[in-house]
Amino acid sequence: MEEQPKQAELARTIRRSVLIVCGMFFFGFALVPLYDVFCEVTGINGKTSGERYEGVTAGKVDESRTVRLQFVASTNAEMPWEFRPGEFELVVHPGEVRDTVYLARNLAERDMVGQAVPSVSPGLAAKYLHKVECFCFQQQPLAAGAEAELPLRFMIDPEIPEDIHTLTLSYTLFNADRAAVRNKTVLAQQRN
Amino acid sequence: MRFLNPRWSVPAAMLLMMASPIARAAWELNMTEGVTAVSREIFGLHMLIFWICVVIGVVVFGVMFWSIFAHRRSQGAKASQFHESTTVEIIWTVVPFVILIAMAVPSTGALVRIYDTGDADIDIKVNGYQWKWQYEYLGEGVSFFSNLSTPKDEIYNRAEKNENYLLEVDEPLVIPVDKKVRFLVTANDVIHSWWVPELAVKRDAIPGFINEAWTKAEKVGTYRGQCAELCGKDHGFMPIVVEVKSQEDYDAWLLARKELAAKEAELKNKQWTMAELMERGEQVYTKNCAACHQANGQGVAGTFPSLKGTDMMLKDRAGHIDVIINGRPGTMMAAYGPQLSEVDIAAVVTYERNAWGNDTGDMVTPMDIVAIKQGQ
Amino acid sequence: MSAVVDHHAADDHHHHGPQSGFRRWLFTTNHKDIGTMYLWFSFIMFLYGGSMAMILRAELFQPGLQLIEPEFFNQMTTMHGLIMVFGAVMPAFVGLANWLIPMMVGAPDMALPRMNNWSFWLLPFAFSMLISTMFMEGGGPNFGWTFYAPLSTTYAPPSVTFFIFAVHLMGISSIMGSINIIATILNLRAPGMTLMKMPLFVWTWLITAYLLIAVMPVLAGAVTMMLMDIHFGTSFFNAAGGGDPVLFQHVFWFFGHPEVYIMILPGFGVVSQIIPTFSRKPLFGYTSMVYATASIAFLSFIVWAHHMFTVGMPLAAELFFMYATMLIAVPTGVKVFNWVTTMWRGSLSFETPMLFSIAFIVLFTIGGLSGLMLAIAPSDFQYHDTYFVVAHFHYVLIPGAIFAIMAGVYYWLPKWTGHMYNVPLSRLHFWLSFIGLNVAFFPMHFVGLAGMPRRIPDYALQFADFNMISTVGAFLFGVSQFILLVIVIQCIKGGRKVSAQVWDGAEGLEWTLPSPAPYHSFTTPPEVR
């Protein structure tokens with residue numbers, strides 16, 4: 001009888017199909033890290049690295065040209081903070097390490113935690129903006145009514161293409177209360 | 001049932017097809033050419049591809065309708081039995097490919113120009129909110145909201161609709177003519193999309209991220225657009241109006257705007273009377289709150305809570321102010337602390353606590369709000 | 001595995017014909033019964049989703065808000081989309097597949113009859129759950145059938161959780177159905193029926209089934225991530241926690257674009273069966289049809305971001321997705337040319353299935369051409385999210401998917417019931433549908449180009465005339481679908497008896513079976529030369 005081989009073949013077809021289904025389900029989740037890698041390479045959404053930049057070397061400043069860096073601030077719907085850049089724009093040489101601040105004030109009557117999300121425009125320039133120190137690396141707790149200067153130290157990579165003259169760095173402040181591990185000591189200090 | 005006879009089916013179908021391009025010309029409802037170099041280029045591209053499509057359509061349907069007329073069984077047509085021809089297959093794979101390349105070349109050029117956002121004269125941040133736009137002139141200290149100004153009576157057919165129905169706002173975006181303006185588009189809550197057809201600018205506004213777009217309007221005038229991404233209940237009610245002005249008019253407008261902003265900032269120190277607060281509060285309420293909580297304060301059952309006669313309105317003044325400043329995370333209620341001035345918050349709280357028979361007599365002054373915002 | 005073993009047991013005690021009463025339908029493992037249930041289910045959903053479209057069109061008859069509030073309007077657009085895609089088009093094609101694939105490949109039944117029963121009976125539960133959300137506090141899903149985050153996560157009504165579970169159930173149902181179809185086609189073909197001898201309907205379904213098992217799990221993944229964002233504090237799509245709302249769109253359209261082809265490929269198959277029959281001439285370029293279908297399926301995986309041209313992708317990505325999308329025109333063109341050439345120098349007659357098929361070719365081509373216009377990224381900045389897009393996808397989905405389904409029903413209904421349907425009435429149905437659909441959707445091209453965004457409950461005055469015309473057309477189309485209901489019921493109850501062959505030019509194994517087709521298709525495998 002040829003019944004037996006047919007059964008085996010059928011079982012194989014089904015096994016393969018089920019394998020595809022499971023594989024694709026996990027592929028759906030794998031898209032998340034894949035997308036992040038893809039973004040970092042291509043600069044989709046102007047995502048910048050969430051990590052401190054360690055590659056600063058002295059003496060590689062490109063004095064021959066300047067880049068205009070604009071600072072923009074937004075707050076999300078659930079965020080009752082005032083949030084603005086300390087200065088609207090800086091003109092910098094590529095390779096030069098500079099400092100600036102953002103100013104935040106908690107308008108709420110309770111202690112809150114914020115998380116700033118960076119975005120750079122044009123997106124392709126994002127990988128040339130290195131953040132040596134950034135308040136966006138951590139969540140920012142702020143007591144009710146308190147004000148804070150949030151520091152940012154950055155460098156523009158000397159490798160930045162010649163045709164990019166203006167960069168915009170935007171931070172959107174989100175409410176991180178729900179996800180936050182509250183930093184009680186910082187809050188206590190601010191209150192004093 | 002004569003028209004049901006299959007003999008008539010095909011001519012009828014053809015007539016319908018032929019009617020469409022004619023209709024297009026006569027009713028003048030094509031895409032706008034717009035007022036920028038980019039919009040004209042897009043329009044040209046659109047017409048080019050449209051005519052290529054028309055030609056393809058005429059050829060393909062022509063052949064098909066010819067067989068329908070000439071190769072009918074009722075006309076005694078005998079079916080030939082050919083069913084393969086590699087030559088023909090190769091031809092009709094290669095020819096469309098060549099046509100596609102011919103389309104791709106100008107499209108690529110246009111796209112490169114659309115993406116060239118560098119060296120702008122003016123930078124404006126466009127921020128989408130549920131359901132209004134905020135414009136911030138970067139580096140100028142000018143920032144304002146732009147709300148739909150069509151009255152509810154027109155929307156609900158109680159009054160005659162005006163010619164700019166649903167395409168009018170209280171504060172339009174103003175830009176100078178012949179200057180490259182760069183838009184940094186973002187959103188406060190959900191995804192919106194900022195679209196003005198005459199400028200050929202459409203960019204999604206995504207919370208947490210900024211997108212770039214630019215325009216260089218060549219003609220003074222008023223241009224109207226709408227939000228193009230479903231963003232919730234009032235997606236259809238957040239239009240965009242752009243006024244393109246001459247450089248002098250623009251400068252004058254900007255100056256007036258700055259003076260107005262300074263005056264507004266002063267307002268919080270003034271002594272407000274109950275009547276003044278109520279009047280201003282009603283305006284603020286209509287612009288910012290009525291979309292959800294309704295003009296009568298009764299909200300929408302199950303979705304937007306009523307403000308009439310509730311415990312919070314009658315008894316909990318501090319809680320009321322807190323909700324307005326901080327919003328209710330996880331609900332549609334946004335934090336209005338950063339959006340509204342101290343004066344507006346005080347006015348709207350006062351209004352809500354005294355309107356629709358709430359009559360608490362509570363009066364909240366701008367200085368109260370200043371104190372609260374500073375954490376007293 | 002157990003399903004495989006079960007299959008023979010189930011087969012054995014079914015040699016006696018159907019059980020009586022409701023148990024026949026509840027416990028059936030017969031491919032024809034299940035196919036019938038799928039088709040009825042889909043028809044009910046078609047009318048239900050259609051009545052939602054009528055509500056939308058009634059509100060849009062005139063500017064101003066007359067009948068419903070914007071909040072409810074959004075629920076209607078969302079549910080209309082979801083029900084038509086997952087409830088009407090997909091189950092209808094699965095129903096046709098159930099009825100026809102075993103008969104076409106010379107098999108006694110589907111390969112996994114019990115799983116077949118489950119995959120059908122999941123659907124009524126899934127859709128009851130989906131529809132019940134409309135009566136929950138905060139209303140049903142109101143974020144569009146594309147449910148973009150964060151509107152569908154942070155800002156969604158509480159019922160979104162039920163929506164997610166409903167999508168999961170639909171997904172499981174489709175995946176099981178697809179595995180069954182793949183197993184039937186690959187393993188139960190009659191001796192001599194090689195892959196390249198299979199009817200095109202079987203080929204297109206095989207490719208569709210692979211698309212389904214490849215992308216439905218991705219959709220399941222996407223809604224699972226939503227669920228986790230909503231209830232378990234993750235941040236896949238929430239920028240606050242390092243996620244990205246645009247990622248949602250990428251994942252969704254990675255599913256969504258192949259999904260579009262899932263809804264059209266079996267339609268290509270149906271039309272490829274019908275055109276040769278009524279041209280009395282073999283299908284032109286069978287091999288190229290198979291390859292064209294396969295290349296469309298392949299390309300569908302690399303074009304998804306053309307739904308997102310305005311989302312702010314870098315230039316290189318825009319160009320890539322634009323070129324890839326334009327490429328799809330090539331295999332699609334090949335298909336259209338093949339159909340037209342099949343008709344060329346044939347001996348044509350215009351029975352109802354042929355009328356629907358010709359309308360399919362013409363109108364689908366129009367939808368395809370407007371699709372080509374949409375593929376051009378620069379112009380898409382003006383088309384995106386306007387009524388031009390609405391016109392485009394209704395042109396590919398109604399005369400595409402739905403006309404193909406109706407053509408298929410008229411073509412095989414005599415085989416299923418053993419009776420010829422009421423022919424004049426079926427022509428009336430065709431003409432009213434044809435006219436209604438063009439009157440409803442052609443003006444949408446104009447309002448879209450003139451600047452009317454989609455998904456709005458109220459519009460500016462310059463769009464008023466065309467919207468009024470659209471509404472009239474939509475009601476004409478909607479009402480005429482009841483004619484189909486009458487025709488089908490009449491045909492089941494009685495009518496002129498038909499021969500096994502039914503149509504003089506029809507070819508394929510299904511026409512060698514008597515009409516009506518016996519309860520078990522091929523108990524002994526036929527020989528295929």
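At what angle do helix α3 and helix α5 of chain C pack, and how far apart are their axes? Hi everyone, let's start there, keeping in mind that this is a predicted model.

Two packed helices are described by the angle between their axes and the distance between the axes. Here, α3 of chain C, residues 31-59, and α5 of chain C, residues 113-132, pack at about 20°, and their axes are 10 Å apart. Angles under 35 degrees count as roughly parallel, so that is what we call α3(C) and α5(C). Their crossing is left-handed. Who makes the contact? On the α3(C) side you'll find, among others, Ile34(C), Phe41(C) and Met45(C), and on the α5(C) side, residues including Phe120(C), Leu123(C) and Phe127(C). Sorted by class, this contact has nine nonpolar residues, three polar ones and no charged ones.

Now let's look at where chain C meets chain B. There, 86 residues of chain C are in contact with 89 residues of chain B. Several helices of chain C each supply at least two residues to this side, including α4 (70-105), α8 (245-262) and α13 (352-375). The largest share, nine residues, comes from α16(C). By class, the side of chain C that touches chain B has 55 nonpolar, 21 polar and 10 charged residues.

Finally, chain B itself. Its secondary structure comes to 11 helices and 10 strands. With 376 residues, the globule rule gives 21 Å, but the radius of gyration of chain B is 29 Å, well over that, so chain B is more spread out than a compact globule. Its C-alpha trace spans about 95 × 55 × 35 Å along the principal axes. Buried residues make up 41% of chain B.

Conventions: Residues are numbered from 1 along each chain as its sequence is written. Chains are lettered from A and ligands numbered from 1 in the order in which they are written. This is a predicted model: local features need pLDDT of at least 70, side-chain atom pairs count only at pLDDT 80 or more; totals for chains, interfaces and linings use all residues. Two residues are in contact if their C-beta atoms, placed from the backbone, lie within 7 Å. Helices (H or I, at least four residues) and strands (E, at least two) are DSSP runs, numbered from the N terminus. Ala, Val, Leu, Ile, Met, Phe, Trp, Tyr, Cys and Pro count as nonpolar, Asp, Glu, Lys and Arg as charged, and the others, Gly among them, as polar. The radius of gyration is taken over C-alpha atoms; the globule rule is 2.2 Å times the number of residues to the power 0.38. A residue is buried if 20 or more other C-beta atoms lie within 10 Å of its own, exposed if 12 or fewer, and partly exposed in between; C-beta atoms are placed from the backbone. Axes are lines fitted to C-alpha atoms, for helices over the stretch in contact, and angles run from 0 to 180 degrees between N-to-C directions. Angles under 35 degrees count as roughly parallel, over 145 as roughly antiparallel, 65 to 115 as roughly perpendicular and the rest as oblique. A crossing is left-handed if the near helix is turned anticlockwise from the far one by less than a right angle, and right-handed if clockwise.
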